[in-house]
Amino acid sequence: MTQKATEGALPGLRAATDHDVQGGEYFGPGGRWEMKGSPVAVSPITKSYDVMDADQLWKVSEELTGVTYPFNN
């Protein structure tokens with residue numbers, strides 16, 4: 001809503017292609033209220049650490065794509 005789709009794609013592209021990115025880093029717009037601007041490292045929201053939500057998202061993703069991965073827990 002606050003920027004063009006091409007600009008909105010930049011944080012994901014940076015996370016996927018920047019050789020200096022470390023595992024666990026999160027990128028978003030660097031402007032006011034993190035709503036638009038160049039991609040910068042930002043703090044993820046607390047909800048992103050919810051293990052039950054992550055598990056549900058993983059299951060739904062497997063169901064929708066038909067792709068499953070074995071885990072060694």
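The structure described here is a predicted model. At the start of helix H3, a side-chain oxygen of Asp50 comes to within 3.0 Å of the backbone nitrogen of Met52.

Asp50 also takes part in a salt bridge: its side chain meets that of Lys47, with an N to O distance of 3.4 Å.

## The salt bridges

Side chains of opposite charge can pair when their charged atoms come close. How many salt bridges does the structure hold? The count is four. Among them is the bridge between Lys47 and Asp50. Another joins Asp53 to Lys47, and here the closest N and O atoms are 2.7 Å apart. With a relative accessibility of 37%, Asp53 is classed as partly exposed.

A further salt bridge is formed by the side chains of Asp55 and Lys59, at 3.1 Å from N to O. Both residues belong to helix H3, where they are four residues apart, about one turn of the helix. Asp55 is partly exposed, its relative accessibility being 39%. Lys59 is likewise partly exposed, with a value of 42%.

## The length and end of helix H3

Helix H3 covers residues 51–65, a run of 15 residues.

What follows helix H3? The next residue is Gly66, whose phi is positive, near 75°.

## The aromatic pair

A search of the whole structure finds one aromatic pair. Its members are Trp58 and Tyr69, whose ring centres lie 6.1 Å from each other. The angle between the planes is 55°, and the pair is tilted, because stacked pairs have planes under 30 degrees apart and edge-to-face pairs have planes over 60 degrees apart.

Trp58 lies in helix H3 and Tyr69 in the segment after H3, so the pair ties together parts that are eleven residues apart in sequence. Trp58 has a relative accessibility of 39% and counts as partly exposed.

## Glu62, a buried charged residue

Glu62 is found in helix H3. Is this residue buried or exposed? Glu62 is buried, yet it has no salt bridge. The nearest side chain of opposite charge belongs to Lys59, 8.2 Å away, whereas a salt bridge requires the nitrogen and oxygen atoms to lie within 4 Å.

The side chain of Glu62 does reach the backbone nitrogen of Tyr69, at 3.3 Å. Apart from neighbours within four places in sequence, Glu62 is in contact with Val67, Thr68 and Tyr69. Tyr69 is also a member of the aromatic pair with Trp58.

## Gln3 in the segment before helix H1

Gln3 is located in the segment before helix H1, which comprises residues 5–8. A polar atom of the Gln3 side chain lies 3.3 Å from the backbone nitrogen of Gly37.

When residues up to four places away in sequence are not counted, Gln3 touches Gly8, Pro29, Met35, Lys36 and Gly37.

Key: Residues are numbered from 1 along each chain as its sequence is written. This is a predicted model: local features need pLDDT of at least 70, side-chain atom pairs count only at pLDDT 80 or more; totals for chains, interfaces and linings use all residues. Side-chain values use heavy atoms; hydrogens and water are left out. Helices (H or I, at least four residues) and strands (E, at least two) are DSSP runs, numbered from the N terminus. The expected span of a helix is 1.5 Å times one less than its number of residues. A polar contact is a pair of N or O atoms within 3.5 Å; within protein, one must be able to donate a hydrogen and the other to accept it, and residues adjacent in sequence count only if both atoms are side-chain atoms. Rings of Phe, Tyr and Trp (its six-membered ring) pair if their centres lie within 6.5 Å; planes under 30 degrees apart count as stacked, over 60 as edge-to-face and the rest as tilted. Buried means under 20% relative accessible area, exposed over 50%, partly exposed in between (1.4 Å probe, protein chains only). Contact means heavy atoms within 4.5 Å. Lys and Arg count as positive and Asp and Glu as negative; His and the chain ends are not counted.
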